[in-house]
Amino acid sequence: MATVLGIESTAHTFGIGIVKNKKILANQRDMYTTSEGGIIPLESAKHHAKVNQNIYEKALKEANLKEDKIDAIAFSRAPGLAPCLIEGMKFAKELSKRLNKPLVPINHCIAHLEIGQITGAKDPVMLYASGANTQVIAYAAGKYRVFGETLDIGIGNFLDTFARYAGIGFPGGPVIDGLARKSKNYIELPYKVKGMDIALSGILTNLRQKLESKKYKIEDLAYSAQETVFAMLVETAERALAHTGKKELLLGGGVACNSRLQEMCKIMCEERGAKFFCPERPLLVDNASMIAFLGEIMFKSGIKTMPDNLDEIDILPRQRTDDVEVTWK
Ligand code: AMP
Ligand code: MG
């Protein structure tokens, strides 16, 4: 049994989670937001530096835990925005030295997948739909493989940028979700699936032109955008299920909070006899419980860096899911 503290800082969210024996004892987070415009990496990093101590104290309090009971410190080392990752790593290394406990570096995308175990998923295909990342991932032949992904921008960035064009602040995804619910009027948009991959920037340009033409209602554009891009995601996820022969679909990432995306996935799973899993919202969005959760699994398998060797550990902003050596399974 181990008690592992996890730190998340890859983009807009700074979080601290605590997990013991696969049970979540704390999940505290604070998100950088803007009233207009998107994420400015250096500003988001400043946000993380400002809130980290407070979030740390809140997490210990929520877990009702003294810090000397922590066995290891896991942190998101990849992938993400470099200034944000650096803040998380700094906090992790300071804590590691002060408490004299080892570090466990984590790939954020794989953490999104592994936390699915909490919902009962055993060997799923994951549709990971978040701000910067959009991938269909599954474990196959010793590694987490990317079966399909966006060729340009992430699905959340797509929704947020569309929202920004319409004068909505960050994050725009939830606002687009609300607007889409007010319409059933589908306006034709390009549909871009290329093999197992998708492309979103052309659709974004098309939406921008439609917005600027002032001929369309924002509700109709929001509805049409969601119907189109979510269908693209579900199509590639279904093909990954067919290809791998797996029988479980797991949703992950902040965009997975969208009820229409959940509904479309559910229908697809029902039609092909697969089980559908979707964690609760606090575990879908960027959070540190999933970092602590995977941290505990890796730590128990012997993966750790002792406080004397912290210089060996660095951030890997562009590490790909399939670059990770999986030695813990
Ligand atoms: P993540 O990077 O995984 O934390 O996810 C953040 C992204 O999720 C942002 O791009 C948000 O706009 C998006 N998001 C959050 N809630 C919703 C929602 N209900 N519908 C669509 N996108 C959402
Ligand atoms: Mg994420």
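A residue is called buried when its relative accessible area is under 20%, exposed when that area is over 50%, and partly exposed in between, as judged with a 1.4 Å probe and protein chains only. By that rule, both Tyr128 and Asp286 are buried. The structure is a predicted model, in which local features need pLDDT of at least 70 and side-chain atom pairs count only at pLDDT 80 or more, while totals for chains, interfaces and linings use all residues. Residues are numbered from 1 along each chain as its sequence is written, and ligands are numbered from 1 in the order in which they are written.

**The magnesium ion**

- The magnesium ion (ligand 2) is coordinated at 2.1 to 2.6 Å by His108 (NE2), His112 (NE2), Tyr128 (OH) and Asp286 (OD), where donors are N, O and S atoms within 2.8 Å of the metal (3.2 Å for Na, K and Ca), and water is not among the atoms, so sites may look incomplete.
- Tyr128 lies in strand β6 (residues 125–129) and Asp286 in the loop between α9 (281–284) and α10 (289–300), so the pair ties together parts that are 158 residues apart in sequence; helices (H or I, at least four residues) and strands (E, at least two) are DSSP runs, numbered from the N terminus.

**Polar atoms beside ligand 1**

- An oxygen atom of ligand 1 is 3.2 Å from an N or O atom in the His12 side chain.
- A polar backbone atom of Gly131 is 3.1 Å from an oxygen atom of ligand 1.
- Asp286, one of the magnesium donors, also has a backbone N or O atom 3.1 Å from an oxygen atom of ligand 1.

Terms used: Heavy atoms only, no water. Polar contact = N/O pair within 3.5 Å; in protein donor to acceptor, adjacent residues only side chain to side chain.
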